[in-house]
2 protein chains.
Amino acid sequence: MGVPCVALLSEVLDMAYLADTFREACPDIDLRLGPELGRLDDIDAAVCWFPPHGRLAALPKLKLVQSLAAGIDHLIADPALPRHLPLCRVVDTSMTAGMKAYVTWAVVEQQRRMRAYVEHSAASRWKEQPFENPRRHRVGIAGLGQLGSACAAALAGIGYPVRGWSRSAKTDVPEGVTAFHGAEQLDEFLSGCDTLVCLLPLTPQTRGFLNTSLFAKLPRGAHLINVGRGDHLVEADLLPALDSGQLSAATLDAFSQEPLPADHPFWADPRILITPHIATRTDRQVIAQQTLANLALLQQGQRPPYQVDLERGY
Amino acid sequence: MGVPCVALLSEVLDMAYLADTFREACPDIDLRLGPELGRLDDIDAAVCWFPPHGRLAALPKLKLVQSLAAGIDHLIADPALPRHLPLCRVVDTSMTAGMKAYVTWAVVEQQRRMRAYVEHSAASRWKEQPFENPRRHRVGIAGLGQLGSACAAALAGIGYPVRGWSRSAKTDVPEGVTAFHGAEQLDEFLSGCDTLVCLLPLTPQTRGFLNTSLFAKLPRGAHLINVGRGDHLVEADLLPALDSGQLSAATLDAFSQEPLPADHPFWADPRILITPHIATRTDRQVIAQQTLANLALLQQGQRPPYQVDLERGY
């Protein structure tokens, strides 16, 4: 096994920020960055974030397609993705902490009306809001993967009654979380979500998951938090649901188009909190370490721990 | 054991809101409310929230002094408090949920700079703040009683490195929380608190705990959250600590004088978030149930579960 040759590929992000971290993790690495990749048959692994379509297929000796993060929809979107190659996500437990902090904050922010207190503090106003105990506010997490399970456990730890839903039954549901699964249990799940958090993977089945028909199955006045992908939400369905009162508020961290265009109607609506896809971040060192470890395992004929099953899409 | 006779005593709160709940819990209760208490030697128990000084001492057959909440400083402040009588706090696990939600929100609000995102959303601005992983932000909880331990566990569950400090050593420290105790370990505790949460009981020893000398022992730029009592903080010491940069922000839910006077300098400072003593609320039903259960236990010669040790002050 010689010096690893790793390409950093993205159409939307300047991947140069990763170069030093890869060189610290492997001082003699052969790192390829930017439009000119040099001899393509040198390249062993490609670290990707929305890579140019067709680029991966042009790397004849590629052994590993490594996503920069947990999501892999940006890879599957490439019609020329070499699907026979091992494809790995980054699983970063410190990223989980960022997501837990964001989701917990967003739940409490709405449930306890904290924004009113922030505004009153700025206006020198001592005024109590009605108190609703967290024990009486049901939070549902759609998606019980690494991030969804972690958020469910954190919210249960605060005292919210937490339920989770996943496509298939889970064996490792966190303590205190009521689990639902499959299409047949979706309506029952939704009927008990005063706040609904979307942390599903983006697959053809979950694209447009958050739509008028789903909103109608939530308790009236529910709060929607989307920390999945922008395309989980049918954007045109959100404002009508807020206007009708079926939803009371939405906290959105992901959008079909990012940055969200300046003239997008979501910006003007005070019931929608927009954050610029910051719920969490993958640690640079973890990306470099997992990429290099995955490549080494594959070169030894072993299966990396976070390899994706492309049939399931996650 | 006859019909219980319970007086509701407060100088600052209209206790009438409790009457229906007590009557639901015990339909034939003899409830005494307001300045005219009737025959004083009927009264078995007094439910108190800042009771008029001397009033308890004037009840000759009193068997139980019941605080409305977890705090008992409002009782000890009465120089004529009949100290030989059993004094109980309310321990309301659903109140714990409110406190966990508030404290978690306040930690994340500052640590992740969520207020900037709220402001940017209102201003149609897509702008990322620097990301600091919760794993690298140390939270310290001063006070590891019921509420402090619960908050420590909730924050550890999100991924914050959590430490706790209490006067005496604790045997039931939550998993993942580093415990410190006593005066000799206080400085070491403080040196690792990027956020410091005060959840101490108010005793002569802890009055003025949050002062210039303590702030100097925190990491520079620490965030202070006071959800204890207003008198834990030397109010005159806060603005200088913020001006010097020793503290970066303060979230305060309790004040020496409440409501906080309109001309108080805290209001005008954008680094201070003021909330009107709303971190949590004791459930009415829990107050009624525990008062009646405590009285029944005492009449059977047993010790109620949440009786306070007046020597320790909590």
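Buried means under 20% relative accessible area, exposed over 50%, and partly exposed in between (1.4 Å probe, protein chains only). This is a predicted model, in which local features need pLDDT of at least 70, side-chain atom pairs count only at pLDDT 80 or more, and totals for chains, interfaces and linings use all residues. Residues are numbered from 1 along each chain as its sequence is written.

**View 1. Helix α3 (residues 93-111) of chain B is largely enclosed by the rest of the structure, because 17 of its 19 residues are buried.** Helices (H or I, at least four residues) and strands (E, at least two) are DSSP runs, numbered from the N terminus. The end C-alpha atoms of α3(B) are 27 Å apart, which agrees with the 27 Å that its 19 residues should span at 1.5 Å a residue. The expected span is 1.5 Å times one less than the number of residues. Just after α3(B), B:Arg113 has a positive phi of about 55 degrees.

**View 2. Strand β6 (residues 139-142) of chain A is buried on both sides.** A:Val139 and A:Ile141 point one way. A:Gly140 and A:Ala142 point the other way. In a regular strand the side chains alternate between the two faces of the sheet.

**View 3. β6(A) runs parallel to strand β7 (residues 162-166) of chain A, joined by four bridges.** Two strands pair if DSSP finds at least two bridges between them. A:Ala142 stands opposite A:Trp165 in β7(A). The chain crosses from β6(A) to β7(A) through helix α5 (residues 146-158) of chain A, in a right-handed β-α-β crossover. Right-handed means that, with the strands pointing away from the viewer, the path from the first strand over the helix to the second runs clockwise.

**View 4. β6(A) also pairs with strand β9 (residues 195-198) of chain A, in the parallel sense, over four bridges.** Here A:Gly140 stands opposite A:Leu196.

Methods: Chains lettered and ligands numbered in written order. Heavy atoms only, no water.
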